[in-house]
Amino acid sequence: PTMALLLRAKKHFGVFADALRARGIPVHILGLSGLLREPVIVDLVSALAVLADSTANAELLRLLAGARWAIGPADIRELHRLARELASHDDAGRRLPDEVIQAARHSSEDIDTSSLVEALDAIAGNRVPRAAWLEGFSAVGLERLTLAGRELATLRRRSGLRLADIVDAVVSELQLDVEATANPEAPLAVQSLEAFGEIVADFLTLAEDASLPAFLEWLDAAEQRESFAPRQDPPEPGSVQMMTIHAAKGLEWDYVALPRLVVDEMPSKPHDVAGWLVRGRLPFPFRGDAAELPTLRWEDVPDAEALETRLEEFIAQVRAQQLAEEWRLGYVAVTRPRAELFASASWWAGTVKPRGPSEMLMVMARATLGDAADEWPSPSELTASPTLTAAAATWPLDPLGSRAPVVRAAAAAVAEAGPVNDERLERLIEVLLAERDGTRTVAIERPVRIPASRVKDYLDNADDVLAGLARPMPQRPFMATRLGTLFHSWVEHRPEEAVEIDAWDDELELGDRATSDRFAELKATFERSVWGNLRPVDVEREIHVPLGGNVFICKIDAVYNLEGLDIGQPPGTRFQIVDWKTGAAPADARDLELKQSQLALYRIAYAKHLGIDPDEIDAVFYFVADDRVLRPARLMNEAEFVAAWTALDAERP
């Protein structure tokens, strides 16, 4: 079933989420505010803040005391002391004059403006002017602080990158993605990182200033604004979605829990009852919703006493209106469940003094329980407030949490295990060692499954292809490649006339105007071609054909039925395979001879697919940029292709 827990205020999310998770119940706090409360995202945003702001002391403490570096309280205290010393001394360790220190603080008050970030940088860069300032640190703590400072300094040097790249660098450097994947106690961590990436992308599409500081400010503002925005997230079966009542408008779940229905919380205590009679507020008559707001009739008052009466009446109207809004919000809450609503209250709702059930809960209780609804125990019959009970905890927390025994046992088992007898691993080691020595003594096995587009590369120089397989290197996404991808997608969807392909330009990051114009030229050229007015019988048809000990993956761009048509095809052909090319045409006969192997494979594969003679199928290249059709003089038949392919093995040493 789908379930939700709705609260009047976000500040109470934590206690309920912790309680549910402690009982093994998956919890998802919806919205940006919920995402920013996920531990992995807190670490990520804290790191981003440290990179952008040298005064981000609280965020740095979060990182230092976390699982990555686990700095204890004694060393954190010493780091704070070092920060104060650095703030009051120059680079040579000489104390600054008091007036300089006060000017740096921008105040005569004793405000601590020391920077833990700068203190950490000083440790990492070995720039602490006095060795005595480091004597209070433990050896382990100083080692970890040095490591932390160096890693954060490395990230800071990348702060000039694009925002998305900075975020990726932080995730990678702090190994947040590894922790998210490996931690079974944080089931939403991976999804949270993905969701944060989407938020970064949303920001980049809207922001004029795409800098890191601007993004952090935007996060704060967006979190505040979303409090009153409806959520678009669909219900998630098997987990409890948690959000504010405001955000739940328009959504439904099978079961809904509505806790904390206590006095002055739901409905909440009226606030700002003076309305617009406060400095800086826009008078109600000038607002767009003036017709829905209380009216202060002050124009015709005869004296001060009458004005006072009018003011009291106006304040009472404002109070009543706010209370009515709270009851309307309560209606939103109680109408969210499809099956059952659970409403509750407690005498101690995070307060020192007890607070009884609200009138809203009493209305529901009386409608459900009748007279029994008034049989509440009094606070005097209950124990003291649970919020005042003492609790003990160890800090810093064990980064492995409750899974520590299992993880450490697994690590010990790996350490005690003998060598692994894995032929594949031994083979990989041989390849890597041979590559280190600059030799090619290790033979690389050819894959069983081979894309048809790579066949020409094998026939041209199989050794280079296999060497690339031994250590594949990432290829830069050239603009020509993206143009080709976009053109193929356009041709594939063009017959359907159901997709606005032009809208894909930005999604594929085509870049400048000249590139977009180039894409428009390709489309116009195709429209003028012989295929511009024809409807293909097949597009992007993928066929797997076994030949010569391998399986060739043939992804055919388009197939046309030639019956009744004369477009220059050889006599007797019924179908024509067309392979679109957005690059340059072959430079010479050798290049065309190699490329024809791809068309030969396509013809063989499609003939097997239809169960017809390959001679009934024509195959051509269309180089769109040059508006040029290339039909090889002849295409290999199946026997010739298999012979050429198997000959590659005979040529290898």
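This is a chat about one predicted protein model, starting with the chain as a whole.

Q: What kind of model is this, and how are residues numbered?
A: It is a predicted model: local features need pLDDT of at least 70, side-chain atom pairs count only at pLDDT 80 or more, and totals for chains, interfaces and linings use all residues. Residues are numbered from 1 along each chain as its sequence is written, and side-chain values use heavy atoms, with hydrogens and water left out.

Q: How many helices and strands does the chain have?
A: There are 22 helices and eleven strands. Helices (H or I, at least four residues) and strands (E, at least two) are DSSP runs, numbered from the N terminus.

Q: How much of the chain is buried?
A: Of its 653 residues, 37% count as buried. Buried means under 20% relative accessible area, exposed means over 50%, and partly exposed is in between (1.4 Å probe, protein chains only).

Q: Which residues touch the most other members in the largest nonpolar core?
A: In that core of 57 residues, they are Leu44, Leu48, Leu64, Phe196, Phe215 and Leu219. Helix α3 (residues 39-52) gives the largest share of this core, nine residues. A nonpolar core is a set of buried Ala, Val, Leu, Ile, Met, Phe, Trp, Tyr and Cys residues joined through side-chain atoms within 4.5 Å.

Q: What is Leu64 in contact with?
A: Leaving aside neighbours within four places in sequence, Leu64 is in contact with Trp69, Ala70, Ile71, Leu79, Leu120, Leu145 and Ala148. Contact means heavy atoms within 4.5 Å.

Q: What does the second core include?
A: That separate core has 36 residues, among them Ala452, Val545, Leu601 and Leu648.

Q: Strands next. Is β9 mostly covered or uncovered?
A: Strand β9 (residues 575-581) is mostly covered, with seven of its seven residues buried. Phe575, Ile577, Asp579 and Lys581 point one way, while Gln576, Val578 and Trp580 point the other way.

Q: Why the two directions?
A: In a regular strand the side chains alternate between the two faces of the sheet.

Q: Which strands does β9 pair with?
A: Strand β8 (residues 550-561) runs antiparallel to β9 and is joined to it by four bridges. Here Tyr560 stands opposite Gln576. Strand β10 (residues 617-623) pairs with β9 in the parallel sense over seven bridges, and Phe575 stands opposite Ile617 there. Two strands pair if DSSP finds at least two bridges between them.

Q: What about β4 and β5?
A: They run parallel, joined by five bridges. Ala257 stands opposite Phe342 in β5. Strand β1 (residues 3-7) also pairs with β4 in the parallel sense, over three bridges, and the partner of Met3 in β4 is Tyr255.

Q: How many salt bridges are there?
A: The structure holds 24. A salt bridge is a side-chain nitrogen of Lys or Arg within 4 Å of a carboxyl oxygen of Asp or Glu.

Q: Which residue does Glu252 bridge to?
A: Glu252 forms a salt bridge with Arg338, and the closest N and O atoms are 3.5 Å apart. The pair links distant parts of the chain, 86 residues apart: Glu252 is in the loop between β3 (240-244) and β4 (253-258), and Arg338 is in strand β5 (residues 337-343).

Q: Is Ser358 buried or exposed?
A: Ser358 is buried, with a relative accessible area of 2%. It is found in the loop between β5 and α14 (359-369). Not counting residues up to four places away in sequence, Ser358 touches Leu261, Val262, Val263, Met266 and Pro267.
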